[in-house]
Amino acid sequence: MLKQLISDIKASMSIYDSREDESYGLLAEFADPGALYHAAHGVRKSGYRRYDTYSPFPVHGMDKAMGMGNSKVGYFTLAGGIFGFVLAYWLQWWTGLVDYPINASGKPFFSIEPSVPILFELTMLFAAFATVSGMFYLNGLPRLYNPLFYSKDFRRVTDDAFFILISSSDSKFDAKKTASFLTELGAVSIEEIHDHGSADGL
Amino acid sequence: MNTANTDIATGNYVEFHEDEPLVQGNLSFHEITELVSYHTEKKTPPAWWGAFGVASTLLLVLVVMVAYMTWNGVGVWGLNNPVGWGFAIVNFVFWVGIGHAGTLISAILFLFRQQWRTAINRSAEAMTLFAVMCALLFPTIHVGRVWFIYWSLPYPNQMAMWPQFKSPLVWDAFAVSVYFMVSAMFWYVGLVPDLATLRDRATKKLRQKVFGLMAMGWTGANRHWRNYEKSYLLLAALATPLVLSVHSVVSFDFAVSIVPGWHSTIFPPYFVSGAIFSGFAMVLTLMIVARTVFGLQNIITVNHLEKMNLIILVTGSIVGFAYITEFFISWYSGVPYEQYAASNRAFGPYAWAYWIMMSCNVVFPQFFWFKRLRRSIPFMFVIAILVNVGMWFERFVIVVISLHRDYLPSAWDYYTPTLVDILTLVGSFGLFFTFFLLFLRFFPMVALSEVKAVLPQSNPHFYDHSGDGQVVDHDLAVNGGEIN
């Protein structure tokens, strides 16, 4: 049960379990973003869930084709912003009024108006921190080892190549059937990816 | 959608409005990767070494000057009563201002869906980082006892003291350092996919490992792009008010005081528009050189430069309007000190500085009303340099002229910078250019994934109409590249 949950969370980060026989999945290359888009839609429609598309830039409309909802990064931003605001409020109130009250030209020890700049700055700072770290967390990064890096072709993914990976941990996965299905969708080439583990333990 | 220049109903020839493509020369995805990555992979050219030699020599000058000042105290600068804020604060405001253009391009233009920003945002953001580093240096050394600079930050200490949060100087320390950190994060997040490109292209083991570490294992998975794009949007939404706040807070350093010429509510918007004005001039200066040296004329096109010139024209006019408003309000206020401060700027002993500022910031950018001039590269280069000079003098005018004659005529004096002052300013350019040259050498200076994403062939529906995408039908580019 717990194992399944962890596996699902990892799948949402595009990290898939490999099988006993080191099979990680089938990597199919497509010619262009249009072909990738339609193929992703086809993969989704035929019931696969553990798959991902890879492209050098975000392909417009791909989230919809893959049936994915809104990203959850915003919750991290909100939490970070609230934390920063509360911290800045508490910092200025506690140091000014409680721990180190000092009379500066008869001004109140603590009031909202002169506190606004720092309330604003710290809200922004922690919201930004939370956004960036939340994004990396949701993506499961840093992940220096990835079975996909064994593929020579996959190196072009950050240049001009477009791929779909169907993980062998998908319940519908069948090496032969999935491969012919991908060919039907218009894959230019198909490669089986093996998870040999990392040589240097990363 | 229309794909031909013939109206089907009438059979007449119809002239469609056709936007020039953002990227020229019909470049493919791969050609863009090559064009940009090549400069980080080739053998270091002698010209780079030459430029780097000059920049790092100037950096050395800065280090020596700062060390000399730290040893002897701020007395080695031209500071004295009544001018207690001289070159250091002028330089600080100047460099913070330069930084603003980078954030404007990366955040505000992103929110406004200005796709032309993708050609210049990476290097403009890098410029922001290095400019803010220069800016942070000056208040740090200006405190005199550099080794106590951390007292400006709130931390529990044995003295049982806390910073005074009602002081604009503390706001400033927060605003500029928060700005630096957020800009650095924004820059890095944008860089990750391109670092992965360099990792995947690397042939040497060490290079693979270094870029592999920095790219954090980026694969371009759509499950990643989804979170990535959202976080980029959120960072842009956070950085937009932040960039407007930073120079507002810097202007509070002046506006919250009672010095005539400083005590003014116009300062925040006036400082922010001046910052964007000077920042764009600096981006323009750097980009004109970089696009020629690196052969990126197809990516950073004359259209991009023209758009930057338009922003310079707009913000320059806002700044000019602010100068005139200051004059009017000082007269209208009926306060003799304010009136004197205004006339002393234009006709006092520092009138030369004032008129340098007026001509460089208000008069010269007006030439950009002419399309031919704002598309002429040598002309815009000269104007950009003049604007940089003018904006430095604006800060000089604000800081020095206001201070040198305030309420008490017996305390009036004429401020003259020392050689140390001047060499420190020159040295700060060394710091800036050393980092910028290192950036150009080792990192992709154009945001690859973003430029690719604004090409028409990045749209998946592009291929619905033009077959397999191998042949690009020129007529498809009509109506602003909208294919649907």
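The radius of gyration is taken over C-alpha atoms, and the rule for a globule is 2.2 Å times the number of residues to the power 0.38. By this rule a compact globule of 202 residues would have a radius of gyration near 17 Å, whereas chain A has 24 Å. The structure is a predicted model, in which local features need pLDDT of at least 70, side-chain atom pairs count only at pLDDT 80 or more, and totals for chains, interfaces and linings use all residues. Residues are numbered from 1 along each chain as its sequence is written, and chains are lettered from A and ligands numbered from 1 in the order in which they are written.

The C-alpha trace of chain A spans about 80 × 35 × 35 Å along its principal axes. Chain A contains 6 helices and 4 strands, where helices (H or I, at least four residues) and strands (E, at least two) are DSSP runs numbered from the N terminus. Their order along the sequence is α-β-α-β-α-α-α-β-α-β. Of the 202 residues of chain A, 45% count as buried; a residue is buried if 20 or more other C-beta atoms, placed from the backbone, lie within 10 Å of its own, exposed if 12 or fewer, and partly exposed in between. Among the contacts in chain A with a separation of 6 or more, 81% are between residues 24 or more positions apart. Two residues are in contact if their C-beta atoms, placed from the backbone, lie within 7 Å.

Between the chains, 58 residues of chain B are in contact with 60 residues of chain A. On the side of chain B that touches chain A, the elements giving two or more residues are α1 (29-41), α5 (168-201), α7 (222-255), α15 (448-453) and α16 (462-465). The most come from α7(B), with 16 residues. By class, this side of chain B has 30 nonpolar, 19 polar and 9 charged residues. Ala, Val, Leu, Ile, Met, Phe, Trp, Tyr, Cys and Pro count as nonpolar, Asp, Glu, Lys and Arg as charged, and the others, Gly among them, as polar.

Within chain B, α1(B) and α5(B) pack at an angle of about 75 degrees, with their axes 11 Å apart. Axes are lines fitted to C-alpha atoms, for helices over the stretch in contact, and angles run from 0 to 180 degrees between N-to-C directions. The two helices α1(B) and α5(B) are therefore roughly perpendicular to each other; angles of 65 to 115 degrees count as roughly perpendicular, those under 35 as roughly parallel, those over 145 as roughly antiparallel and the rest as oblique. Thr33(B), Ser37(B) and Thr40(B) in α1(B) meet Thr197(B), Leu198(B) and Arg201(B) in α5(B). The residues of this contact comprise 1 nonpolar, 4 polar and 1 charged.

The axes of α11 (residues 351-363) and α13 (residues 377-404) of chain B come within 8 Å and cross at roughly 140 degrees, and α11(B) and α13(B) are therefore oblique to each other. The residues of their contact divide into 12 nonpolar, 2 polar and 1 charged.

Most residues other than glycine have a negative phi, and most peptide bonds are trans. Cis peptide bonds join Leu141(A) to Pro142(A), with omega about -5 degrees, and Asn81(B) to Pro82(B), with omega about 5 degrees. Phi is near 70 degrees in Ser14(A), which is buried, with 25 other C-beta atoms within 10 Å. Phi of Met216(B) is near 60 degrees, and Met216(B) is partly exposed, with 18 other C-beta atoms within 10 Å.
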